[in-house]
Amino acid sequence: NVLGDRTPGSLQNRLFKKFPAKYKAATPKKGKNQGNNQHNAWSAEEDAALKRLVEENGTDWTKIHNCAWLIKALEKRTKMALKNRYNHNLKRDRRTALKRGVEVHGIDWDKIQSDNEVLKHRTPIALKIRYNKHLRE
């Protein structure tokens, strides 16, 4: 082994310390906004348009992305951006259904699961864990 017991990372760190000006330009930027990627904030108009598209097409993200070019607000968003925005910020049905179920039935997880169509895919134990981990106030 040419490096001996040194790892490539440690050798790189030693070179960077010895010649900082030479290696600083070659060090890539870290973080989300590197290069020409523009990460624009989502507007209320975009959120409303995305909700409407999901209501019309379900969660078929390819179909939604193909329809998104018709709406000027969404034309520059990628399929993954649309999916992530909906799943992480706009899809509140399961959370509100779980909160509402606890308000109505208390912590009877079997009743909560059987009464709510949105929560049928989760087991009672999974509902309990999700509530205790994310929604308990």
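Student: What covers the buried residues of H3?

Tutor: Helix H4 (61-68) and helix H5 (79-90) are included in that cover. Helices here are DSSP runs (H or I, at least four residues), numbered from the N terminus. Keep in mind that this is a predicted model: local features need pLDDT of at least 70, side-chain atom pairs count only at pLDDT 80 or more, and totals for chains, interfaces and linings use all residues. Residues are numbered from 1 along each chain as its sequence is written, and side-chain values use heavy atoms, with hydrogens and water left out.

Student: Which residues of H3 are buried?

Tutor: First the idea: an α-helix has 3.6 residues a turn, so residues three or four places apart point the same way. Buried means under 20% relative accessible area, exposed over 50%, partly exposed in between (1.4 Å probe, protein chains only). In H3, the buried ones are Glu 46, Asp 47, Ala 49, Leu 50, Leu 53, Val 54 and Asn 57. They cover an arc of only 165° around the axis, which puts them on the same side of H3; the arc is that of the directions from the helix axis to the C-beta atoms.

Student: And which residues are exposed on the other side of H3?

Tutor: Over there you'll find Ala 44, Glu 45, Glu 55 and Glu 56. Just after H3, Gly 58 takes a positive phi of about 70°.

Student: Where does Pro 124 sit?

Tutor: Pro 124 belongs to helix H8 (residues 124-135). Its C-alpha atom is separated by 9.2 Å from that of Ser 114, 10 residues apart along the chain.

Definitions and conventions: Helices (H or I, at least four residues) and strands (E, at least two) are DSSP runs, numbered from the N terminus. Contact means heavy atoms within 4.5 Å.
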